[in-house]
Amino acid sequence: MAAVQDGQVESDAEKETKPDASNDVAGNSSGGARSMSPNAASSASGAAKAAAPTGPGEQQTLLAVLQFLKRSKLLESVDILRREAGLSDELDESQTNDGAAAGSASLLRRVSVGGAAATNIAATTTSKGAEDQPDVSIVLSAYSQQGDPALYQVYYSGLKNFIESVLDCHRAELSQLFYPLFVHMYLELVYNNHEHEAKVFFEKFSGDQECYYRDDLRVLSGLTKKEHMKGNETLLDFRTSKFVLRISRDSYQLLKRHLQERQNNQIWLIIQEHLYIDIFDGMPRSKSQIDSMSGSLAGEARREANKAKVYYGLLKEPEIEVPLDDEDDEAENEEGKPKKKKPKKDNLGSKNKKQDPNAPQQNRIPLPELKDSDKLDKIMSMKEATKKIRLGPDTLPSICFYTFLNAYQGLTSVDVTDDSSLIAGGFADSTVRVWSVTPKKLRKVKSAADLNLIDKEADDVLERIMDEKTASESKILYGHSGPVYGISFSPDRNYLLSSSEDGTVRLWSLQTFTCLVGYKGHNYPVWDTQFSPYGYYFVSGGHDRIARLWATDHYQPLRMFAGHLADITCTHFHPNSNYVATGSADRTVRLWDVLNGNCVRIFSGHKGPIHSLAFSPNGKYVASGATDGRVLLWDIGHGLMIGELKGHTDTVYALKFSRDGEILASGSMDGTVRLWDALKAFDVETDDFTAATGHIHLPDNSQELLLGTYMTKSTPVIHLHFTRRNLLLAAGGYNSQ
Amino acid sequence: MAEREERRFAEVSRDSVKLMAESAGVEVGDEVAALLAEDVCYRLREAAQNSSQFMRHAKRRKLTVEDFNRALRWSNVEAVCGYGAQDALPFRPAKEGELFFVEDRDVNLVNLALATNIPNGCAETMVRVHVSYLDGKGNLEPQGTVPSAVQSLSEDLLKYYQQITRAILGEDPHLMKVALLDLQTNSKIAALLPYFVYVISGVKSVSHDLEQLNRLLHMVKSLVQNPYLYLGSYVRSLVSSVMYCILEPLAASINPLNDHWTLRDYAALLLSHIFWTHGDLVSGLYHQILLSLQKVLSDPVRPLCSHYGAVVGLHALGWKAVERVLYPHLPAYWANLQAVLDDYSVSNAQVKADGHKVYGAILVAVERLLKMKALSLSKPAEGGDWTPVPLPAMYCELYSFFGDSLAVRFSTGPELEGCLPALPCQPADARKETVANAAAGLDNSRKMPQLTANLNISPRPDGTHGFPFIFRPFARSSSSSSSVQRRSSSSRPGQRSAGPSRDVFPKARFPPPQAGPPSFSFLIGGRQMGRRCQGRRFQTSFGPQPPLASLPPRAYAHKLPVIGRVSKPVRRWTCSHYSLHLPL
């Protein structure tokens, strides 16, 4: 698709993010987040300040933004941005003047394409995106300096010989250079129309690269013309973002000395231009340590990227008057009982009252008020929770499998309500189907005319508004015009979200079974969407690489999380609703702060697109599953990878922690559900050094952690859910082929 | 590596481009064609790469035309229409020259539109739930699902399945035999196993048709005997079908002319066969079977034919099962049965006849229990490992229920009984114990048939010759024999005190031929009294008999107004059943 799209995604992202950031700085937060905007504005401006001491690349970016703003006649914003970024007028002028015709032309083109859309967007976002995505043409032109194409092979093999001859401890670290250098050198050759040399170069050295870059190499090998480079997203990513390497100081010195001795300017230039070498003091890392962290499209995360403080603790549960009617009934039976029970309840309450030191402030993100029905539901869930089974390695959960039969139209997504009463499926034929899995049938609310006839004072008015004639086991929701890739119930079970290939997210009412809102903003397929655990907010992410945060009553996004270098394949809310995790085809997981839109964590280590995410119930950890069949565990607080679960043989499409977090269940395309001992997996010793450097040595103990493997009958597992009593529900469509 | 990578991609050659341009009426130069070809290749690859993400998000492994079209559409390229079918299109070579093409037949839309055989819409999408793993262990139920839901069979297998089921359930007995034989020997039918199991589970729907039930049971037998099949958890399903035939009050049994007894006997035999050969596949199977048999037996509401089934089932599972389930339950059950048998009203005639069946079955089971028990007494080298109920006591109790009809079953009974207490004197009998031991050692596995032969056909005049193995242990170790003696003697006083005088029961009619009435017979009488059992009326009806020794026991048995023997000649396997031929 990129071929014709011609970098439009890229430009869209910029258009939308940049002016918004500046708008916010101006305090011009129209629409969007009423409640949040003051905070957001201040933080965004903070971010802009942080970005102020810019390198040349970033300065160029800012200039591009200024240019754009000028053309859009947003003069006020221009002034503010200039002031914030500390750019002088002259610099701007000079840049504009000598800014090559090509650059401004391309800018002009992009503006004319999507100017209308950009003005619509009044949401806030981070200026982070800007940092990562400098102008396309500028980056392309960076390839114009070049040496003798015939010598590229000599340069590369010279470096290769050098790295192979150094001490073992340095070799592993310096070997990281191979892949980014290889790609950049190849691209330079292609860019400068040395097609034959490029081919030879590729053939000679592509075999040396790590196997987990195979997919990227395949894309690369198809690319032999300069014209092709413009439209290719993968390559744009590679050039627009600096590939990040972590190398110990010793190894780096070694490399530097070698390159200086040899006068190997070509390679030195590439390293300077396109690589970001994150130097650390201390022991060089081992090969396995490096391998576990690498694999992402743009190398490892910079260490600073994971330094921000994350409030991963849980929010205090709202206090609910627990002495219920039912309890009172029980109390009547026996007098001794209520006394026993009450202190217990108090205990529960006090536990909640104690503020988790890692928890965000209660009102950091404004959350919707609890309605009476929500409180009732909370009480129900607490009651259920008292009956839940304590799982552990010795007491594994029972598994119920929900098989979608006759799903010829192709089941693409499944969700189950928290109380496990409803199950919904999104299908490739654009339909969403909802089933009731309890004997209680699904009923619609009566039509408006009929509702008028109802006695509104009656006690059972809620019952009376339902139309008994419409009762059925399942309902079909029509509205999308493409496969429904993501689906999510609201916590109160009144709404259902679905995201589709048609670029919209739709909100459905489960009272009337009609579509309430179509959220348009992603102009490309939306791969996933999820409601916040407290309702009201939801997040969506798709092919346009930007995750958006929405509120159900706003038709425009409140936040846009830009930074991923490839499609966002899955989105997930943190249990405290203050953070959002996104998994991407760039093989990283990012954690975003809902408050200010900042990216607070980047987790690299997967070797394939990430298709499933799950937060542990205590909010401390996140698990991610990818197409490589591996599940990785991350400590959010420290920003570290703390575990690797190997066992699945195909894409992991579903992950879920048990209600108490003892067991992690993973479901995969290979038709198995696997249970892992999560407590043991998280019991990794992290000393200060590993925490500081992030160089953890992972024990290879997947087999010990694997508690069980459960087969299905040729049914890929695409959703997992633990009921409130810790019964594991799995779902998938039976595949007869 | 690069070369290999390169070859993996589809290439559109320069000539193809030229050809296509020509067909569109455009003349293209070589250079342009080359450039175009290269670009087309690149765009194709790109589209293929993009389409793969649609496949991944649809959670499929197979890339469809639709995925590719979506990728094209998002690249603002016209989608390729007409290739939405699920089946792969055949790619064929033309006869002359190296020309390959996708076969794309014309579809006559008129015919299609006017077609009368409008296909049914596909089945409704639905969600079905089942508990797959309980507590993270094992499957709760066998996964033999309904065939209609699964159609992954190859054509040949499907045909085979249809032919076989048709032959087995059809009219032609010869065909059935062939089919069963094939089912028993075919090594390639593993994939069909669930379907056959499903067919067999159809016993529940044909309970009115004995013939069909019989055929299905034969099918079970064939499957069980097929050495190439691994039954796995399907054993459970098979067992439940067989149990159905054994225990359920089949619709066919309403008509007294239907010989459902034979079916039950056969099913019981089959059950034991499955159990002995495949019991290890399912843990706890034995206990489950026992439990369900016991449940039926202890349920007075169940018809007598179900009880009969339970008894023959237990009998088939071996004497230990009889001892564990039937024997302790007998006192309670006896009262019910007695009531049935004592009712002489005409309306009760049918039920009573059934009652006699049950009686007979119990008798046979008990008889074997005693014999096997006696045998087992002789087996352990040391006297330590005794079964909970000592044999003599058991015999006493059983005798109290069955009276002489039990004794008669042991045509050599007096000898057997006699010899037990008489054992202590055997060591004195200077028989060549070494020879006996050797014989026993050799014949260990064939003991039982020997016994049956003796019992049923030609009782030896002298037990000492007939049962060398019984004597063996006693002859060998004096300690064990003395313990037997002790036991019998210790129980004696108690029994005697319980009922010393009323020796009503005609044990006297079987005067032990050997000299010295064994203490055993005395015990029986006493026990009888203590239980205040009136004995069985029909037993009293037979007249004085000629001395036992002079009659072959078989003949004698026939003179009984017997209970428990089918009047019409039984089939061979039934015979074997009653003659206690058991798989050991």
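Trainee: How much area is buried between chain B and chain A, and what percentage do carbon and sulfur atoms give?

Mentor: The model is predicted, so that local features need pLDDT of at least 70 and side-chain atom pairs count only at pLDDT 80 or more, while totals for chains, interfaces and linings use all residues. Side-chain values use heavy atoms, with hydrogens and water left out, residues are numbered from 1 along each chain as its sequence is written, and chains are lettered from A and ligands numbered from 1 in the order in which they are written. Buried area is the accessible area (1.4 Å probe) that two parts lose on being put together, summed over both. For chain B and chain A this comes to about 5,200 Å², and the part given by carbon and sulfur atoms is 54%.

Trainee: Which residues of chain B lose the most area to chain A, and how many residues does each chain bring to the contact?

Mentor: Contact means heavy atoms within 4.5 Å, and it takes 51 residues from chain B and 66 residues from chain A. Together accounting for 15% of what the chain B side buries, the residues that lose the most area are His57(B), Lys59(B) and Trp74(B).

Trainee: How many salt bridges are there between chain B and chain A, and which residue forms one with Arg61(B)?

Mentor: A salt bridge is a side-chain nitrogen of Lys or Arg within 4 Å of a carboxyl oxygen of Asp or Glu, and the count between the two chains is 3. In one of them, where the closest N and O atoms are 2.8 Å apart, the partner of Arg61(B) is Asp650(A).

Trainee: Which element supplies the largest share of the side of chain B that touches chain A?

Mentor: Helices (H or I, at least four residues) and strands (E, at least two) are DSSP runs, numbered from the N terminus. In chain B, α1 (2–8), α3 (30–57), α4 (65–74) and β3 each supply at least two residues of the side that touches chain A. The largest share, 13 residues, comes from α3(B).

Trainee: In what order do the strands lie in the open sheet that includes β3(B), and which are its edge strands?

Mentor: Two strands pair if DSSP finds at least two bridges between them, and 4 strands form this open sheet, with mixed pairing, in the order β31(A)-β32(A)-β4(A)-β3(B). Pairing on one side only, the edge strands are β31 (719–722) of chain A and β3 (126–133) of chain B.

Trainee: Which residue is the bridge partner of Ile399(A) in β3(B)?

Mentor: Strand β4 of chain A, residues 399–405, runs antiparallel to β3(B) and is joined to that strand by 7 bridges. Within β3(B), the partner of Ile399(A) is Tyr133(B).

Trainee: Which residue stands opposite Phe722(A) in β32(A)?

Mentor: The strands β31(A) and β32(A), the latter spanning residues 728–733, run antiparallel and are joined by 4 bridges. Opposite Phe722(A) stands Leu728(A).

Trainee: Which residue in the turn between β13(A) and β14(A) has a positive phi?

Mentor: Joined by 5 bridges, β13 (residues 504–509) and β14 (residues 515–520) of chain A run antiparallel, and Trp508(A) stands opposite Cys515(A). These strands form a hairpin with 5 residues between them, and the residue in the turn with a positive phi, about 55°, is Phe513(A).
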